[in-house]
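These are my notes from an evening of looking things up in one structure.

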Amino acid sequence: MSAYILTSGSTILCSHGAPVMHVPTTPTEYRIEGLPVMLMTDQYLIAGCPAAAQGMGCFSVIWTNPSAMLLVRGIPALTNLSVGICQGSNAPAMIVAHQLTETEPNNFKHVN
Ligand SMILES: [Zn+2]
């Protein structure tokens with residue numbers, strides 16, 4: 001089964017339930033359902049993680065396992081199979097919801 005491309009409309013939470021905010025850092029016109037695609041090098045910020053009270057609050061997410069088939073301005077896109085690790089707790093990020101129309105292309109695609 002093909003992976004779904006993540007966009008800024010995705011719902012991503014840290015393992016303690018705080019929302020992850022996608023901050024695009026690479027300018028591009030490319031959109032899926034009118035929204036920017038989540039790219040590996042964008043910023044993913046977390047505010048208000050409840051684990052901060054224990055000194056282990058999540059503040060951002062670093063992603064691995066991006067798409068090998070879709071690059072946007074040379075940067076791999078993220079999919080629902082990508083793995084996010086929250087900085088501050090080292091706990092995994094949870095991909096709760098994402099768009100369900102656009103899957104990873106079967107052939108390598110590089111868009112600007
Ligand atoms: Zn957290």
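**Ground rules.** I count two strands as paired if DSSP finds at least two bridges between them. Strands are DSSP runs of E with at least two residues, helices are runs of H or I with at least four, and both are numbered from the N terminus. The model is predicted, so I kept in mind that local features need pLDDT of at least 70 and side-chain atom pairs count only at pLDDT 80 or more, while totals for chains, interfaces and linings use all residues. Residue numbers start from 1 along each chain as its sequence is written.

**Whole chain.** I looked up the secondary structure and found zero helices and nine strands in the protein chain. In sequence order the pattern reads β-β-β-β-β-β-β-β-β. The radius of gyration of the protein chain is 14 Å, close to the 13 Å of the globule rule for 112 residues, so the chain is as compact as a globular protein of that length. For this I took C-alpha atoms, and the rule is 2.2 Å times the number of residues to the power 0.38. Along the principal axes, the C-alpha atoms fill a box of roughly 45 × 30 × 20 Å.

**Burial and contacts.** My burial scale counts other C-beta atoms within 10 Å of a residue's own: 20 or more is buried, 12 or fewer is exposed, in between is partly exposed, and C-beta atoms are placed from the backbone. By that scale, 31% of the 112 residues in the protein chain count as buried. I call two residues in contact if their C-beta atoms, placed from the backbone, lie within 7 Å. Among contacts between residues at least 6 apart in sequence, 70% join residues at least 24 apart.

**A three-strand sheet.** Which order do the strands of the open sheet take? I read S6-S5-S9, with mixed pairing. Strand S6 (75–76) and strand S9 (109–111) are the edges, each pairing on one side only. Strand S5 (residues 70–72) runs antiparallel to S6, and two bridges join them. In S6, isoleucine 75 is the bridge partner of valine 72. A reminder to myself: strands of a sheet pair through backbone hydrogen bonds, either parallel or antiparallel.

**Leucine 70.** This residue is in strand S5. Buried or exposed, I wondered about leucine 70? Leucine 70 is buried, because 25 other C-beta atoms lie within 10 Å. Leaving out residues up to four places away in sequence, leucine 70 touches Ile5, Ala77, Glu104, Pro105 and Lys109. The C-alpha atoms of leucine 70 and histidine 110 are separated by 5.9 Å, although these residues are 40 apart along the chain.

**Other pairings.** S2 and S3 are antiparallel over four bridges, and methionine 21 stands opposite leucine 45 in S3. S4 and S7 are also antiparallel, over five bridges. There, isoleucine 62 faces isoleucine 85 in S7.

**Faces of the strands.** In a regular strand the side chains alternate between the two faces of the sheet. In S7, Gly84 and Cys86 make the covered face, and Val83, Ile85 and Gln87 the uncovered one.

**The core.** A nonpolar core here is a set of buried Ala, Val, Leu, Ile, Met, Phe, Trp, Tyr and Cys residues joined through C-beta atoms within 7 Å. The largest one has 23 residues, and Cys14, Val20, Ile46, Val61 and Ala77 touch the most other members. Strand S3 (43–46), strand S4 (60–64) and S5 each supply at least two residues of this core. I followed up valine 20: beyond residues up to four places away in sequence, its contacts are Ile12, Leu13, Cys14, Tyr44, Ile46, Val61 and Ala93.

**Loops.** Most residues other than glycine have a negative phi. Glutamate 33 has a positive phi of about 55 degrees although it is not a glycine, and it is in the loop between S2 and S3. Glutamate 33 counts as exposed because it has 11 C-beta neighbours inside 10 Å. Asparagine 90, with a positive phi near 60 degrees, lies in the loop between strand S7 (83–87) and strand S8 (94–97). Glycine 17 is in the loop between strand S1 (11–13) and strand S2 (20–23).
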